[in-house]
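Dear colleague,

Here is the structure that I promised to pass on to you. Please have a look at it before reading my notes below.

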Amino acid sequence: MDFMLEEEMIDLVTFCLQNPESSETESKKSRIKEIGKEIFDDGGFNGMENICFAVENRVEAEIEISAKPFRALWNGISDEWNYH
């Protein structure tokens with residue numbers, strides 16, 4: 001399941017980074033938030049860290065734009081998770 005969510009996250013984050021003004025961006029960010037909750041429910045804080053690491057590395061390698069700002073979308077899922 002994590003692999004499928006990772007691939008979906010890569011697609012969503014890549015779209016948002018490449019199309020920040022699109023009318024679809026907010027719905028894609030909403031799905032990213034849902035995925036964060038699913039990952040936390042399944043793997044806790046460590047699961048969230050692991051998928052973010054993989055997604056950030058792959059997105060940056062593929063489109064040369066940092067995906068780190070998307071970590072903030074998961075703020076509030078866990079008390080430990082706090083990014084700006």
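What follows is a summary of the helices, the cavity, the salt bridges and a few single residues.

Please bear in mind that this is a predicted model, in which local features need pLDDT of at least 70 and side-chain atom pairs count only at pLDDT 80 or more, while totals for chains, interfaces and linings use all residues. Residues are numbered from 1 along each chain as its sequence is written, and side-chain values use heavy atoms, with hydrogens and water left out.

Helix α1 covers residues 2-18 and helix α2 covers 25-63. Although α2 has 39 residues, its end C-alpha atoms are only 17 Å apart, short of the 57 Å that a straight helix would reach at 1.5 Å a residue; that expected span is 1.5 Å times one less than the number of residues. A bend of about 125 degrees is found in α2 at Gly 43, where the bend is the angle between axes fitted to the seven residues ending at a residue and the seven starting there.

Just after α2 comes Glu 64, which takes a positive phi of about 60 degrees although it is not a glycine. Most residues other than glycine have a negative phi. Glu 64 is also exposed, with a relative accessible area of 71%; by the cut-offs used, buried means under 20% relative accessible area, exposed over 50%, and partly exposed in between, with a 1.4 Å probe and protein chains only.

A cavity is a set of points, on a 1 Å grid over the protein atoms alone, where a 1.4 Å probe fits but cannot get out, and its lining residues have an atom within 4 Å of a point. Grid points are joined across faces, edges and corners, and a volume is the space filled by probe spheres set on the points. The structure holds one cavity of 30 Å³ or more, and about 60 Å³ of space lies in the largest cavity. Its lining is made up of Met 9, Val 13, Ile 32, Cys 52, Val 55, Glu 56, Ala 67, Phe 70, Arg 71 and Trp 74. Both α1 and α2 supply at least two residues of that lining, and the largest share, four residues, comes from α2. By class, the lining has eight nonpolar, no polar and two charged residues, where Ala, Val, Leu, Ile, Met, Phe, Trp, Tyr, Cys and Pro count as nonpolar, Asp, Glu, Lys and Arg as charged, and the others, Gly among them, as polar.

Two of the lining residues, Arg 71 and Glu 56, have side chains that meet in a salt bridge (2.5 Å, N to O). Arg 71 lies in the segment after α2 and Glu 56 in helix α2, so the pair ties together parts that are 15 residues apart in sequence. Arg 71 counts as buried at 9% relative accessibility, and Glu 56 is buried as well, at 7%. Trp 74, another lining residue, is placed in the segment after α2 and is buried, with a relative accessible area of 1%.

A salt bridge here means a side-chain nitrogen of Lys or Arg within 4 Å of a carboxyl oxygen of Asp or Glu, and the structure holds eleven of them. Asp 41 and Lys 37 form one, at 3.0 Å from N to O; being four residues apart in helix α2, they are separated by about one helical turn. Asp 41 is exposed at 52%, whereas Lys 37 counts as partly exposed at 44%. Glu 38 pairs with Arg 31, the closest N and O atoms being 2.8 Å apart, and Glu 8, Arg 31, Glu 34 and Glu 38 are linked in a network of salt bridges.

With best wishes

Definitions and conventions:
1 Å grid on protein atoms, 1.4 Å probe; cavity = no way out; pocket = protein on both sides within 12 Å on 5 of 7 lines; lining within 4 Å.
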